[in-house]
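Hi everyone, thanks for making time for this one. Have a look at the sequence and the fold first, and then I'll walk you through a few places I'd like to show you.

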Amino acid sequence: MKVDIDLSGLDEFLDEVKEEIKQGMVEVAREGVEYSKATGNYQNHTHNLRSAPGAATVLDGEIVDMYVPSEPGHEEAKEKTENLLIYGKRPENGIILADGMEYASYVESKGYRVISQGALHIEKKGNEKFSR
């Protein structure tokens, strides 16, 4: 008995799935950045800390999307976050959330929310989106 298998269209299907996963990850990453900015409970004296949160979406070891929205006049804060995302350690696949201001972790260590709540938001929304 001879069995013929037709796999035509499989590559296109896999490309569509990969693109859908990428878009979902980008959406979740950007939501996490906006959530961090909206829910930070520290006093934003210089506006650098609030201008610096950003995220990178990584697939196959490469950044496929980087999102670092900053307020006008705070390009240095944005640049520091971009450098951290580009040159820092990255996973093979995943989302990196960062704040390039050197004192962000110090502010977090004092009990204030800078980006940790954004990371939890990304984890929650990612699980909801991809665990269907």
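Let's start at Tyr-42. Setting aside residues up to four places away in sequence, Tyr-42 touches Leu-49, Arg-50, Val-107, Tyr-112, Arg-113 and Val-114. Please keep in mind that this is a predicted model.

One of those neighbours deserves a second look. Where does Arg-50 lie relative to Tyr-42? Arg-50 sits over the face of the Tyr-42 ring, 4.5 Å from the ring centre. Aromatic pairs, on the other hand, come to a count of zero.

Now zoom out to the nonpolar core. The largest one has 15 residues, and Tyr-42 is among the members that touch the most others, together with Leu-49, Ala-55, Leu-97, Met-101, Val-107 and Val-114. Which elements give two or more residues to this core? They are helix 1, residues 10-39, and helix 4, residues 104-109. Helix 1 supplies the largest share, three residues. There is also a second, separate core of six residues, and it includes Val-58, Val-68, Ile-96 and Ala-98.

Are they buried or exposed? Gln-117 has a relative accessible area of 7%, so it counts as buried. Ser-36 is at 0% relative accessibility, so it is buried as well.

What do their side chains reach? For Gln-117, a polar atom of the side chain lies 3.4 Å from the backbone oxygen of Val-114. For Ser-36, the side chain reaches the backbone nitrogen of Gly-118 at 3.5 Å.

The two residues also touch each other. Leaving out neighbours within four places in sequence, Gln-117 is in contact with Tyr-35, Ser-36, Thr-39, Gly-40 and Glu-108. With those near neighbours left out again, the contacts of Ser-36 are Leu-97, Val-114, Ile-115, Gln-117 and Gly-118.

Finally, a word on confidence. The chain averages a pLDDT of 91, and 99% of the residues score at least 70. Which elements mark the two ends of the range? Strand 2, residues 62-67, has the highest mean, at 97, while helix 2, residues 48-51, has the lowest, at 83.

That's my tour; over to you for questions.

Terms used: Residues numbered from 1 in each chain as written. Predicted model: local features only at pLDDT ≥ 70, side-chain atom pairs only at ≥ 80, totals over all residues. Heavy atoms only, no water. pLDDT = per-residue confidence, 0-100. Helix = DSSP H or I, 4+ residues; strand = E, 2+ residues; numbered from the N terminus. Core = buried A, V, L, I, M, F, W, Y, C linked by side-chain atoms within 4.5 Å. Buried < 20%, exposed > 50% of the residue type's maximum accessible area, 1.4 Å probe, protein only. Contact = heavy atoms within 4.5 Å. Polar contact = N/O pair within 3.5 Å; in protein donor to acceptor, adjacent residues only side chain to side chain. Phe/Tyr/Trp six-rings, centres within 6.5 Å; stacked < 30°, edge-to-face > 60°. Lys NZ or Arg CZ within 6 Å of the ring centre and 35° of its normal.
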